[in-house]
Amino acid sequence: MAVVRPGTRLWHRHPAVRAHELTFGEKAADWLKHWFGTWIALGLVTVWIAAWIALQRTSISWDLYPFILLNLCLSCLAAVQGIILQISANRGDKVNAVIALHTEDNTDKLAVIAQHNVENTSKLAAQSDQILDLQKQQLDMLKSLNGIQVAIEGIQARLADGPED
């Protein structure tokens, strides 16, 4: 059994998900969900803020203390990020719903197959009992035939010895 690393996207392999026919919006939502909600995105934002603050401490200063433009950028980022993450979450919910419906459909089919298997197993058990009874009858017949053969051999032996006076 293969080990799946956290964050591995396997849903596109699912037979019920139409991964090859995605719209541009669905592809964008999947890409954003994959990259925006990761440690990489957090690291990039942290590096961006640290670089901004570091540059403000040098002679290349363009944002007044207490970083009014940085605060504006971060506020806009937070507003847009919520919407983007909601779009991506909705896309994830759609994929999960498709997979759940496919799983439910297959579960129903498997229940029918399992019921057929139970019925067939019961029939085989009944037939097995019948075969066992027939084999016991055959064994009894073979024992009877063996007894008859022993009696015939006894008669033949007496006839070969000749009549007794």
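Cysteine 76 is in no disulfide, and the nearest cysteine sulfur, that of cysteine 73, lies 6.8 Å away. Keep in mind that this is a predicted model. As for cysteine 76, its relative accessible area is 44%, so it counts as partly exposed.

To count here, the two sulfurs have to be within 2.5 Å. The closest sulfur to that of cysteine 73 belongs to cysteine 76 and is 6.8 Å off, so that gap is too far for a bond. Searching the whole structure turns up zero disulfides.

Now step back to the chain. Its secondary structure amounts to three helices and zero strands, and the order from the N terminus is simply α-α-α. Of the 165 residues, 11% are buried. The chain exposes about 13,600 Å², with carbon and sulfur atoms supplying 65% of that area. What about contacts across the sequence? Taking contacts between residues at least 6 apart in sequence, 53% join residues at least 24 apart.

A pair of aromatic rings is described by the distance of the centres and the angle of the planes. The count of aromatic pairs comes to one. That pair is tryptophan 48 with tryptophan 52, at 5.8 Å centre to centre and with 70° between the planes. Planes over 60 degrees apart count as edge-to-face, so this pair is edge-to-face. The two tryptophans sit four residues apart in helix α2, which means about one helical turn separates tryptophan 48 from tryptophan 52.

Which of these two is buried, and which is partly exposed? Tryptophan 52 is the buried one, since its relative accessible area is 11%, and buried means under 20%. Tryptophan 48, at 36%, is partly exposed.

Tryptophan 62 sits in the loop between α2 (39-56) and α3 (68-161). Its relative accessibility is 41%, so tryptophan 62 counts as partly exposed. Trp62 also belongs to a nonpolar surface patch of about 460 Å², which it makes together with Leu55, Ile60, Leu69 and Leu72.

Definitions and conventions:
Residues are numbered from 1 along each chain as its sequence is written. This is a predicted model: local features need pLDDT of at least 70, side-chain atom pairs count only at pLDDT 80 or more; totals for chains, interfaces and linings use all residues. Side-chain values use heavy atoms; hydrogens and water are left out. Buried means under 20% relative accessible area, exposed over 50%, partly exposed in between (1.4 Å probe, protein chains only). Contact means heavy atoms within 4.5 Å. Accessible areas come from the Shrake-Rupley method with a 1.4 Å probe; for residues, only the protein chains shown count as cover. Patches are made of residues with over 30% relative accessible area and no salt bridge: like charges are joined within 9 Å, nonpolar side chains (Val, Leu, Ile, Met, Phe, Trp, Tyr) within 5 Å. A salt bridge is a side-chain nitrogen of Lys or Arg within 4 Å of a carboxyl oxygen of Asp or Glu. Rings of Phe, Tyr and Trp (its six-membered ring) pair if their centres lie within 6.5 Å; planes under 30 degrees apart count as stacked, over 60 as edge-to-face and the rest as tilted.
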